[in-house]
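These notebook entries record what I looked up in one structure. I began with the surface and then turned to the fold, the core and a few side chains.

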Amino acid sequence: SRGDLDRALAAYEESLQVRRRLLERDPDRSEWLRDLSVSLDNVGDVHRSRGDLDRALAAYEESLQVVRRLLERDPDRSQWLRDLSLILDRTGDVYEKRGNLDRALITYEESLEVKRSLSRTNPERTEWLVRISAIQGKLNDIRSRMSGWKAKA
């Protein structure tokens with residue numbers, strides 16, 4: 001947050017390596033898998049801030065794989081569904097910035113479904129309604145841009 005992206009990246013990458021080493025010792029430990037996902041998200045965020053979308057996407061996609069692995073164990077765990085939703089948003093944002101609107105659309109649609117599920121499961125948490133609205137706005141924008149391009153073609 002202080003703008004020193006190089007130092008932030010170095011710290012996040014060191015954290016990532018520690019978490020990978022911990023997982024080598026106990027590859028099925030859920031807490032360490034989630035921590036790995038968080039570290040990957042942080043690394044991806046710094047790469048995205050630096051404009052390195054390829055490396056950001058690689059980190060986000062690996063994080064998605066980790067979260068999906070966790071969800072295979074416990075598909076209804078709210079924390080992991082929340083993590084999935086947030087990383088899908090980040091991944092969709094990168095696809096959109098790269099101009100890959102088809103992939104962004106697919107990713108945002110999955111995120112919307114996860115958010116709707118979380119909203120149904122936790123109706124007292126109004127934050128999901130706000131997040132649903134935000135992702136619907138992104139989806140509408142992409143669909144509008146895609147239909148406009150197809151109309152011009």
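This is a predicted model: local features need pLDDT of at least 70, side-chain atom pairs count only at pLDDT 80 or more; totals for chains, interfaces and linings use all residues.

Entry 1. For the charges, I recorded 30 positive and 29 negative ones, with mean positions 3 Å apart.

**Entry 2. Fold and extent.** Which elements make up the protein chain, and in what order do they run from the N terminus? I read the order as α-α-α-α-α-α, with 6 helices and 0 strands in the chain. Along the principal axes, the C-alpha atoms fill a box of roughly 55 × 35 × 30 Å. I also looked up the contacts between residues at least 6 apart in sequence, and found that 60% of them join residues at least 24 apart.

**Entry 3. Nonpolar core.** Next I turned to the largest nonpolar core, which holds 39 residues. Its members that touch the most other members are Leu-36, Leu-71, Leu-84, Val-94, Tyr-108, Val-114 and Ile-142. I listed the helices that each supply at least two residues of this core: α1, α2 (30-50), α3 (53-73), α4 (78-97), α5 (101-121) and α6 (127-152). Which helix gives the most to the core? I found that α3 does, with 10 residues. As general background, I noted that nonpolar side chains tend to be buried together in soluble globular proteins.

With neighbours within four places in sequence left aside, Val-94 is in contact with Arg-48, Leu-53, Ala-56, Leu-57 and Tyr-60.

**Entry 4. Asp-6.** I located Asp-6 in helix α1, which spans residues 5-25. Is Asp-6 buried or exposed? Its relative accessible area is 51%, and the cut-off for exposed is over 50%, so Asp-6 is exposed. The side chain of Asp-6 makes a polar contact of 3.0 Å with the side chain of Arg-50. These two residues lie 44 residues apart along the chain, and I read a C-alpha separation of 9.2 Å between them.

Entry 5. I found Asp-41 in helix α2. Asp-41 has a relative accessibility of 10%, and buried means under 20%, so Asp-41 counts as buried. I then asked which residues Asp-41 is in contact with, leaving aside its neighbours within four places in sequence. They are Tyr-60, Ser-63, Ile-87 and Arg-90. With Ser-63, Asp-41 makes a polar contact between side chains, at 2.6 Å.

Glu-61 counts as partly exposed, at 30% relative accessibility. Between Glu-61 and Asp-41 I read 9.3 Å from C-alpha to C-alpha, for 20 residues of separation in sequence.

Methods: Residues are numbered from 1 along each chain as its sequence is written. Side-chain values use heavy atoms; hydrogens and water are left out. Helices (H or I, at least four residues) and strands (E, at least two) are DSSP runs, numbered from the N terminus. Contact means heavy atoms within 4.5 Å. Lys and Arg count as positive and Asp and Glu as negative; His and the chain ends are not counted. The place of a charge is taken as NZ of Lys, CZ of Arg, CG of Asp or CD of Glu. Buried means under 20% relative accessible area, exposed over 50%, partly exposed in between (1.4 Å probe, protein chains only). A polar contact is a pair of N or O atoms within 3.5 Å; within protein, one must be able to donate a hydrogen and the other to accept it, and residues adjacent in sequence count only if both atoms are side-chain atoms. A nonpolar core is a set of buried Ala, Val, Leu, Ile, Met, Phe, Trp, Tyr and Cys residues joined through side-chain atoms within 4.5 Å.
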